[in-house]
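I opened this entry to look up two sites.

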Amino acid sequence: MRISTEPFGEAAWLLRDPRLRARIAGVLVLVLLTSLTEGIGLVLLVPLLASISGGGIPPLLGSALAGLHLPIQLGPLLLVFVGVVLLRAIIQYSRVINGDKLSYAVADGLRIETLQLLLGADWRMLSAMRQSDNVNLLLTNPDRIRFAFDQIITGVAIMATLAATGLAAFALSPRVALVVMAAGVLVLIAYAGQRRRAVALGEALGAAYEQLFALVGENLGALRLIKSLHGEARVEDELRRTIRQQRSAELSFTRSAQIGQATLQVLSSVALALAVWIAVVQFGLAATVLLPLVALFARAMPLLSALQQCWQNWLHGVPALRETLALKERLLAAQEHASLASTPAPRLDHAIELEGVRFSHEGSDRPALSDVSLTLPARSFTALVGPSGAGKSTLADIVGGLISPDAGTVTVDGASIVGPMRRSWRESVAYVQQEPLLFHATIAENLRWAKSDADAATMQAALESASAQFVMGFEHGLETVVGDRGGRLSGGERQRIALARALLRNPALLILDEPTSSLDSASEAAICTAIEQLKGRITILLIAHRGSLTALADQIVTLDCGCIVDGLDTTSDN
Ligand code: ADP
């Protein structure tokens with residue numbers, strides 16, 4: 001019979017990190033020392049009882065005590081006993097603290113590594129992911145993995161104590177010890193089915209968490225819409241249902257674990273009764289040996305049950321570890337080139353040129369761009385127009401170096417924007433999106449995202465260039481807190497601060513993605529004034545449906561179904 005096909009292999013990835021390896025070895029040594037001292041403490045009961053009652057000592061133990069020159073007298077034995085217990089307490093303390101530090105290091109390391117990989121992954125992959133899944137994988141999974149990993153440490157500690165208990169029992173009566181050990185192994189084998197169930201319940205819990213994070217993340221980001229559509233009750237219902245699913249997944253596991261524990265306790269007491277019966281009736285053991293033996297078995301019984309529980313808890317956490325490792329693998333395969341330092345960003349003195357560019361989004365059967373060729377002269381203003389879904393944003397992402405085309409070339413002053421060059425080119429590109437993203441912080445802190453060492457004068461100059469002088473009229477000026485996603489400001493104010501932030505980077509290329517489409521006409525006019533002043537100073541690529549900004553463009557390029565259908569040079573008539 002196969003004892004187990006269960007996935008301890010997942011734990012092997014831990015051993016790949018040399019720092020963790022050293023820590024794991026340290027904790028294992030402490031685990032062994034704790035168990036050793038426990039075993040010694042229990043075995044000492046035999047000479048203690050013998051010194052009181054004058055009974056005999058098993059030969060194996062007798063020769064060990066003689067070797068240590070320990071007299072079979074109550075006083076010295078009690079002193080040694082207290083010393084061993086004290087030593088055990090100190091080792092045990094150190095084991096728990098170091099074990100905790102180790103499992104926190106595992107969880108934190110996993111979080112940081114996954115986040116690093118997410119940040120370093122190509123936009124093509126990131127844009128196709130549901131970010132709430134990643135939040136779940138970054139927040140919940142490492143804690144589940146930490147708990148599971150704790151179970152391995154505890155499980156090893158239990159196994160070591162069980163081994164020490166077994167050895168002590170063996171020293172007292174090898175025959176009885178063997179019978180009880182065989183019974184213990186059989187009990188663990190009998191629980192294989194329940195452990196398999198733990199994996200399935202762990203998977204169900206992962207799915208329930210994923211759903212919960214998606215629901216909370218998406219709905220909190222859409223509170224305005226929910227309120228305007230009177231969707232509060234619907235959201236509440238969905239939340240209740242999802243929470244019920246998650247709780248039911250957790251409770252199913254607890255129920256299964258508790259039934260297992262109760263059954264195991266009954267089975268263990270049957271094994272203990274059997275062992276005592278065999279020891280007394282079959283082997284006729286003396287009381288000095290029988291009593292410590294019973295004490296050893298009474299100690300071992302709950303340990304066996306705890307070992308089964310640890311095993312089951314570990315397996316319950318394995319799906320979380322699998323999910324995280326799978327995500328890490330996918331992210332690793334999608335990493336961008338990291339060697340920024342060696343690749344200076346190309347200058348933009350002549351032109352950005354696209355030649356035969358094709359691009360398809362992941363999972364899409366229709367190309368977003370097919371055979372696009374386009375020239376953006378340096379310091380020119382190009383407007384990309386066309387119906388929704390024509391491929392304008394995709395083209396802007398390619399020009400901005402966020403994604404690379406499936407076929408065709410993108411060059412800046414003749415330098416090909418591929419590999420590390422694409423990443424360094426992004427340093428010279430600034431974006432202003434339709435929905436400006438501000439962080440819940442002061443205006444100054446938001447601006448410093450673009451230039452961390454910007455002083456007040458530099459920020460004010462950027463705000464002026466973006467027609468955002470209104471900030472200086474605020475009571476707290478640059479120190480005004482903008483609220484969640486900039487919610488304490490109007491859409492027009494947010495957009496102009498976002499433009500100032502983009503300008504602070506002193507970009508070679510400024511990409512404007514429908515920046516005025518949701519603004520009132522006064523805000524649109526303010527943005528137009530700002531862009532008009534920038535015209536001729538930096539290269540601008542505007543995505544627009546309509547509006548007065550388009551009228552400022554030097555060339556208007558019309559996209560439809562991923563192809564350029566019309567390129568109009570608006571300066572050629574002049
Ligand atoms: P536009 O900006 O002109 O509205 P897009 O460049 O956003 O157009 O989209 C072009 C096409 O690519 C559309 O058919 C759109 O559905 C598809 N698309 C855009 N982003 C993604 C994505 N992340 N995954 C799959 N398809 C996408």
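How do the residues of the lining of the largest pocket divide into nonpolar, polar and charged? I get 25 nonpolar, 7 polar and 9 charged. (Ala, Val, Leu, Ile, Met, Phe, Trp, Tyr, Cys and Pro count as nonpolar, Asp, Glu, Lys and Arg as charged, and the others, Gly among them, as polar.)

I note that this is a predicted model, where local features need pLDDT of at least 70 and side-chain atom pairs pLDDT 80 or more, while totals for chains, interfaces and linings use all residues. Residues are numbered from 1 along each chain, and side-chain values use heavy atoms, without hydrogens or water.

**Pocket.** I looked up the lining next: 41 residues, with Trp123, Leu402, Tyr431, Gln433 and Arg505 nearest the centre of the largest pocket. (A pocket is an open set of points on a 1 Å grid over the protein atoms alone, where a 1.4 Å probe fits, with protein on both sides within 12 Å along at least five of seven lines; lining residues have an atom within 4 Å of a point.) Domain 1 (12–333) and domain 2 (351–573) both contribute to this lining, so the largest pocket lies between them. The bounds come from an automatic or database domain assignment.

**Ligand.** I find 13 residues around the ligand, and Arg366, Gly389, Lys392, Ser393 and Thr394 come nearest. (Near means a heavy atom within 4 Å.) This shell holds 3 nonpolar, 7 polar and 3 charged residues.

I then checked distances. A polar backbone atom of Gly389 is 2.7 Å from an oxygen atom of the ligand. For an N or O atom in the side chain of Arg366, the distance to a ligand oxygen is 2.9 Å.

How values were computed:
Polar contact = N/O pair within 3.5 Å; in protein donor to acceptor, adjacent residues only side chain to side chain.
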